[in-house]
Each structure stands twice: as structure tokens, then as C-alpha cells.
Amino acid sequence: MKFKKLVAPVLSLSLLVPAVGIAGGASAAEMEASADTKAVELRATLDHLLSEHFVLATTSMMKLYDRAPDAAVVQAALEQNAADMEPAIASIYGDAGAAEFDRIFSAHNSYTEEFVQAELANDDEAREDAEEELEEFVQEFGDFLGTATEGNLPASAAKDVLRKHENQVIEVFDAYIDGDYDEAYDSFREGFGMMFDISGALAGAITTQFPDKFDETMPDTPAGDLRSTLNHLASEHFAIAALSMQKGVDEADDYSAILEAQDANTADFTAAIASIYGQAGGNQFMTIWNTNHIEAQEAIVDATVDGDADAIDDARDRLDVFAKNFGEFLGTATEGNLPAQAAVEAVVMHENQVLDTFDSYNSNAYTQTYKDFREGYAFMFGVGKTLGTAIVKQNPADFTDMPEGPVFPPTAPPADAPVMSIWIQINSTTFFVDGNEMMSDVAPMNVDGTTYVSIRTLADVLGAQIEWDSATHTVTTHSGGNIVKIRAGSDTATVNGQSVMLQAPVFIEQGRTQVPLRFVAEQFGWELDWEPSDWSVTLTQEM
């Protein structure tokens, strides 16, 4: 089976890149293609806690505005989510760091209630006060993150993203109170997806800061991306399913809008499955996923509203059929790397958690509702791990390419003045920039008579801007007004929009795009001097 690039329906990290860096160098663990390294596990933990925060924050605001009987319990769950983050922070930054994190982060959860009360009172001044307090949180927490990560997540970048996150929470709320429910749930899905970008970037900053603690692994490997995408899709499904069933039984005005959001999640899930197992596999997934699953949950809601006990039993029986069919689908698709029986048991557990959350809500046992909700939500991240691990085990070769990250930190920084000379040697990670010894994580190499060099190494040395498109395996370099695009596997490049032939194709080695050195020299205006006695090359330019 040929693996196709996974479609990850999440936002770009453009808000954080290039400010946030990932540690360079591929470890043995990552080259073995694992969805369960220490760095990926950190990313998954942050996936869970941060995305749950977003779900509970937006739900709390809706419930408070509606004066719903479970509003206080949702707010309590939001505050408990913040408390649950503290041990994770303590494991990295110690008890003092965790206490400071909790002081800042927990306090800002009260702002959600202040926003709601201002709207209920139609008090513009109170709303402005709440907005000012929120900006104070952005500034204080951004500074905390910048300091704690020692600049690996710069404070300015953290503040930009925190502000964007808070605005997305408010956008959901404002659209909801305006009765624009389609916009509310579109904003919900966008803001929810962004939390997974934030967790990935924060995990990258932390693992860069403490490489030894994470066995020199990185969180944004292809296997890590797969697991995070599955975390995203599965947890979003659970959150929307649980909330939609509440909205349905309450006959809320936004019920149809949240069902449309659920359909959009299904479409994204189908696209992800199709990217791995082909369109036929995606179509089979969608048929199974909808027929005795999504449609059955809606049938339970309708039967509950109608008070039809027999219809409720029939719909619940359909969920058992779904568990069997979907478990067998996963077992077959993964070629037994996820055994069908284990998959069936996991799906049964998931469905029971959805139903437990609904039943306790329908019985007005709200404390139990959100206990069930949080347990069911957390379970989905175990699903992401188990399914991701099975897929990676099934197709290890498809998850060994490493992402383009910043080059290994040099032993001496480049001078402020323009670089005049670069000396490199085949098969050596040591190179000299204007006489200053530096290190590269991938050595230049000679392949069939062509000398290759990491485009990122030279771009970093020269201060050029570089972008990596993981979907197309394309590197874009901006330098001196020139834009150069190079795609792995291609023997052509695009220079300022014009196609240019390369003397040899581009390839990826240890996560770095390797390009013919002579091409790089020509595009950046360097003269090349080859010394055959020691297989070295000197690049020079006159300013």
C-alpha cells in the first residue's frame, strides 16, 4: 500500500515560525519512525490539555449566557483543566515554575465569566474592562512563556498567539449571542484546530530547551504529526458529539448548526483516512462512520425528545453494530497492527462514554456529566496514540522523513557583516565562515560526482529566510530579493518564478533538503573553488 500525504485539517504554524525552532539532528528513535517518543508524548499531552481548555472555555461562555443549569459545573471543569496542567509544567520547570504558571493561567479563566456578565448586563464599560484584563493576561503569560523556555518560544510570538487564541474564544461567543450559529461553530472549529498548532510549537520549544530530557527526539516528526492529527479529529468528534446531543435534547436553536460542524469533522476525518488508505478506504470509512454511528446518535436524541423507549433501544443497538463494523475496518485497514478485537473494545468504550455523558446530562446530574465528559475526551487521545502507532508500524518507511528545522546551533554565530567566505569539506560537519569554526548537523556529500549541501545550513549562515512546505516537500528561500523554490525529488528549481534545470535531483537526508552546491553558489552569487586534495570547497564573494 502506497502511503499518501496525510491531510491534517489544522492551521499553519505561520504565527510562530520562524520564531520557534526545533532541535536539529535525527535521533535513532525517530529514524525508526515512532509515534511514541518522549517529545511526541509531550506534544500529545499539550494537545489534550490545551484543546480541552478551548472546548470548556467556549462551552462555559455559552452556558453562562443561556443561564443553563449546568453552567457552574462547566466553569468548574474549566478550572480543573487548568489545575491539571500544573503537574505537567512541574515535570519540566519544577514546582516553582508550575506555581507561577498556575497563578497566571488559572486566573484568566474568570475572564470568561466577566465577558458574559458584561453582555448580559449590556454594559459596554464592563466589557472593555474585561478586554483590558485579557490583554494584561496576554502580556504576563507571554512573558512567562518566553522566560521559561529561555527564548525558544519568544515572548513576542507567544503574545501574538495568545491574543489570537483569546480572540477566537470571543469570536465564538459573539457569534453565538448574535444568533449566527453557523459562524459560531465555524469559529469554534478554527479555534479548536489552532490549539494543536500551539501545542506543537510549545512542545518544540521545550524539547529544544531540554534535548536530553526528551532523548534528543522532536515532536514534529511525520509520526508525531500523524498522531496529533488523529488526536485533533478524534477529540473534536467527541466534543461535538457530546455537546450536540445536549443541544438536541434541549431543542436548542443552534442544534442544526452544530450538526453541520459534526459533518465537517466527519469530512476531515474521511480525508485523513483517504490520504492513508486511498479514496476507496475513505469512502468505506465514511459509510461505516455515519450509518450506525452519527445517525444513531441523532436518532437517540430524537427518540429521547419523543419519549420513545423502543426507538432509543433500537438506536443504541445500532451503536453496537457500528463498534463491530468499525473495529473490523480498522483491523483490516491496519493489517492487524491494530487488532480488530482491540479496536472493537475501544470503540465500545468510546460509545459508552458518549452515552454516559448524555444520560447524566438528561438526568440533570451535571457534576457526573462533566466527569464523564472529561474522561471520554481524554480517552480520545489514547485512540490517537493507538491508531497512530498502528499506522506507523504498518508503514514505517513513510514516516522516516524528518521535518526541516533550524540547523544545529553553530559554535560561533555569524558576524553582523556580510559573509565573505565559507569553507566546507565533503563528509565533514565542520565548516568555517569567515574563519570562524561552525557545525552543521548534516555533512556535505558527493553523490555520483555532484557535491550536495544542506540548503538550510547555508541559508542560516547567510541570514536568508527559509520556509518548508511539508505537504509538497518544498523549500522556499528568500535572499537578496531573490525567491528560490526547490522540491525534494525534482531536478528543477524555480528562481523568481522561472524554471531552472539542476544538474542532479534534490533529495532529503536526515531531514535536510540536499541541493547541488554549484546551483546554490550560482543563485547566491558565490564563486566556487574546488580542492581535490582534501575534497574541500571554498565559496567566496566580493561585496
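## Before we start

What you see is a predicted model, where local features need pLDDT of at least 70 and side-chain atom pairs count only at pLDDT 80 or more, while totals for chains, interfaces and linings use all residues. Residues are numbered from 1 along each chain as its sequence is written, and side-chain values use heavy atoms, with hydrogens and water left out.

Helices (H or I, at least four residues) and strands (E, at least two) are DSSP runs numbered from the N terminus.

## H2 and H7

Let's begin with helix H2 (residues 38-65) and helix H7 (residues 181-209), whose axes come within 8 Å and cross at roughly 150°. Axes here are lines fitted to C-alpha atoms, for helices over the stretch in contact, and angles run from 0 to 180 degrees between N-to-C directions. That angle makes H2 roughly antiparallel to H7 (over 145 degrees counts as roughly antiparallel, under 35 as roughly parallel, 65 to 115 as roughly perpendicular and the rest as oblique).

Ala, Val, Leu, Ile, Met, Phe, Trp, Tyr, Cys and Pro count as nonpolar, Asp, Glu, Lys and Arg as charged, and the others, Gly among them, as polar.

## H11 and its partners

Helix H11 (residues 340-362) packs against helix H12 (residues 366-394) at about 160°, with the axes 8 Å apart. That makes H11 roughly antiparallel to H12. Their crossing is left-handed. Among the residues that meet are His350 and Tyr361 in H11, and Phe373 and Met380 in H12. The contact of H11 with H12 has seven nonpolar, seven polar and three charged residues.

H11 also packs with H10, at an angle of about 145° and with the axes 7 Å apart. The H10 and H11 crossing is right-handed. Among the residues making this contact are Phe322 and Phe326 of H10, plus Val347 and Phe358 of H11. By class, H10 with H11 has 12 nonpolar, two polar and five charged residues.

## The nonpolar cores

A nonpolar core is a set of buried Ala, Val, Leu, Ile, Met, Phe, Trp, Tyr and Cys residues joined through side-chain atoms within 4.5 Å. Buried means under 20% relative accessible area, exposed over 50%, and partly exposed in between (1.4 Å probe, protein chains only).

The largest core has 86 residues, and Phe141, Tyr185, Phe188, Phe373 and Tyr377 have the most contacts inside it. A second, separate core of 29 residues includes Ala272, Ile294, Val347 and Leu387.

Leu56 is found in helix H2, and it is buried, with a relative accessible area of 2%. Leaving aside neighbours within four places in sequence, Leu56 is in contact (heavy atoms within 4.5 Å) with Val74, Ala77, Leu78, Asn81, Phe373 and Arg374. The C-alpha atoms of Leu56 and Ala239 are 9.5 Å apart, although 183 residues separate them along the chain.

Thr476 lies in strand E7 (residues 474-479) and is buried, at 9% relative accessible area. Asp313, in helix H10 (residues 309-333), is partly exposed at 44%.

How values were computed. Left-handed = near helix turned anticlockwise from the far one by under 90°.
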